Amino acid sequence: MEGLVLRYGVIAIFLGAGIEGEPFALAGGVLAQRHWLPVWFAVTAAIGGAVAIDQFWFHLSRHFQRSRLVERVVQRPSFARALALIERYPIRFVLLFRFAYGLRAVAPVAIGASRVPTRLFVPLNIAAAIMWGALFTTAGYFVGPAFEQAEASYGTGIAIAAVFLSAAAITLALRSGKG
């Protein structure tokens with residue numbers, strides 16, 4: 001198991017943090033606490049994945065507004081709310097959208113469709129991803145001892161599944177407004 005994590009862990013954190021977010025950043029912290037990955041690998045992978053996916057959606061929206069992918073996101077009810085917030089608070093929105101559950105999936109598309117210039121979005125997005133990636137990976141690092149206890153009691157596979165399921169449940173609860 002450790003060999004798989006050493007070989008593919010950073011890639012999984014990068015892709016997972018970009019696509020799903022918090023569960024993978026948290027898992028990266030747990031893996032770092034276990035010394036299966038250096039902590040800076042886990043943090044960098046989470047930050048990199050978050051920046052990459054946001055840049056992708058921003059530029060897709062900015063340059064290909066008529067694409068089917070962009071049109072699907074634009075049709076979501078939260079898109080109009082995100083666009084209104086961007087127009088009122090562009091800098092704050094770019095810095096904080098990844099922490100705003102319910103807006104996370106549509107925000108980069110809405111920012112790309114807005115008047116926020118690329119030269120403003122890119123550095124603010126990187127700064128926000130650094131804050132987000134460091135926060136959630138560090139939180140996972142501090143959850144690590146609980147993971148070790150679960151692993152000792154139930155085995156590695158069950159403990160890993162519990163971490164991912166717990167992180168996914170917390171994320172889902174927060175996104176649905178019940179958290």
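This is a predicted model: local features need pLDDT of at least 70, side-chain atom pairs count only at pLDDT 80 or more; totals for chains, interfaces and linings use all residues.

Residues are numbered from 1 along each chain as its sequence is written, and side-chain values use heavy atoms, with hydrogens and water left out.

**Salt bridges**
- The structure holds 2 salt bridges (a side-chain nitrogen of Lys or Arg within 4 Å of a carboxyl oxygen of Asp or Glu).
- Arg98 pairs with Asp54, the closest N and O atoms being 2.7 Å apart.
- Glu87 pairs with Arg115, with 2.6 Å between the closest N and O atoms.
- Glu87 lies in helix H5 and Arg115 in the loop between H7 and helix H8, so this pair ties together parts 28 residues apart in sequence.

**Burial** (buried: under 20% relative accessible area; exposed: over 50%; partly exposed: in between; 1.4 Å probe, protein chains only)
- Asp54 is buried, at 1% relative accessible area, and Arg98 is buried too.
- Glu87 is partly exposed at 38%, whereas Arg115 is exposed at 71%.

**Surroundings of Asp54**
- Asp54 is found in helix H3.
- Leaving aside neighbours within four places in sequence, Asp54 is in contact (heavy atoms within 4.5 Å) with residues including Phe97, Arg104 and Asn125.

**Largest pocket**
- The lining of the largest pocket comprises 20 residues, with Gly18, Ile19, Trp57, Arg104 and Ala105 nearest its centre (lining residues have an atom within 4 Å of a point on a 1 Å grid; a pocket is an open set of points where a 1.4 Å probe fits, with protein on both sides within 12 Å along at least five of seven lines).

Notes: Helices (H or I, at least four residues) and strands (E, at least two) are DSSP runs, numbered from the N terminus.
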